[in-house]
Every structure is written in structure tokens, then in C-alpha cells.
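Here is a note for a colleague who is meeting this structure for the first time. Please keep the sequence and the model in view while reading.

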Amino acid sequence: MENIRYLPGVTTLRLDPEACVGCGACAEVCPHSVFRVEDRKARVVDRDACMECGACALNCPTDALAVDPGVGCAAYIIASWFKTKDGGCRACC
Ligand code: SF4
Ligand code: SF4
């Protein structure tokens, strides 16, 4: 999914390089290859590919990553899956 793009310059993804211990979990779980880990530090190599799913922050053991999941187009797309034809919602919540 490396070629899927988000809106440029709007992702809320934040990386604190000082807190990163280079475990590689973020690079492993990110579905859009946003990170690369080199010399035991994660780097954001494709920021605009982030769809704010939150997987990286959820799996980071040192809270070096933060993202506000669900504020971008990913949330819109997911919400649209649950919309009925008359504008109602099929989501359980
Ligand atoms: S998951 Fe967190 S600690 Fe691990 S490489 Fe990524 S940013 Fe660094
Ligand atoms: S929020 Fe999701 S898409 Fe964005 S960098 Fe983290 S894992 Fe990748």
C-alpha cells in the first residue's frame, strides 16, 4: 500500500526522537511504510502517507509516537462504510 497518499501536510503524527529506542515496532506495524529505523532510531520517511490509523503509537513501547487517530480521511472512509442509504448509521455505537 506504499502508493496510497493522504492529504499533504495534514497528518497529526509526531515522533520524539529522544524517546525512541529503535525497537522497530512502528516500522513493522505501519501499513504505509511511513518509518525507517536506522542506527537504532526511527525516522519518518513518508509523512504524507500516514492515514492516522494509530497503530504505531499503540505499539511504541516508549510513547515516542503520538497521533490523533480518527481526525483525518481514514475516519471519514471508515464512517462512510457504516452509513445506510438514507444517511443513518449501521455502526453498533
Ligand atoms: S516503536 Fe517507538 S521506540 Fe520503537 S522504533 Fe518506533 S518510535 Fe522508536
Ligand atoms: S498512524 Fe498508522 S499510517 Fe500513520 S504512521 Fe502510524 S501506523 Fe503508519
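Predicted model: local features only at pLDDT ≥ 70, side-chain atom pairs only at ≥ 80, totals over all residues.

1. Residues are numbered from 1 along each chain as its sequence is written, and chains are lettered from A and ligands numbered from 1 in the order in which they are written.

2. The secondary structure of the chain consists of three helices and four strands, where helices (H or I, at least four residues) and strands (E, at least two) are DSSP runs numbered from the N terminus. Read from the N terminus, the order of these elements is β-α-β-β-α-β-α. Among contacts (C-beta atoms, placed from the backbone, within 7 Å) with a separation of 6 or more, 50% join residues 24 or more positions apart.

3. Around ligand 1 there are 14 residues, of which Cys20, Cys23, Ala25, Cys26 and Cys60 come nearest; a residue is near a molecule if its C-beta atom, placed from the backbone, lies within 6 Å of it. This shell has eleven nonpolar residues, three polar and no charged, with Ala, Val, Leu, Ile, Met, Phe, Trp, Tyr, Cys and Pro counted as nonpolar, Asp, Glu, Lys and Arg as charged, and the others, Gly among them, as polar.

4. Ligand 2 is surrounded by 14 residues, with Cys30, Val34, Cys50, Cys53 and Cys56 the closest, and its shell divides into eleven nonpolar, two polar and one charged.

5. Cys56, found in helix α2 (residues 55–59), counts as buried because it has 25 C-beta neighbours inside 10 Å; the cut-offs are 20 or more other C-beta atoms within 10 Å for buried, 12 or fewer for exposed, and partly exposed in between. Beyond neighbours within four places in sequence, Cys56 contacts Cys26, Val29, Cys30, Phe35, Leu65 and Val67.

6. Ser33, in the loop between α1 and β2 (35–38), has a positive phi of about 50° although it is not a glycine. Asp39, in the loop between β2 and β3, counts as exposed because it has 6 C-beta neighbours inside 10 Å.

Methods:
Contact = placed C-beta atoms within 7 Å.
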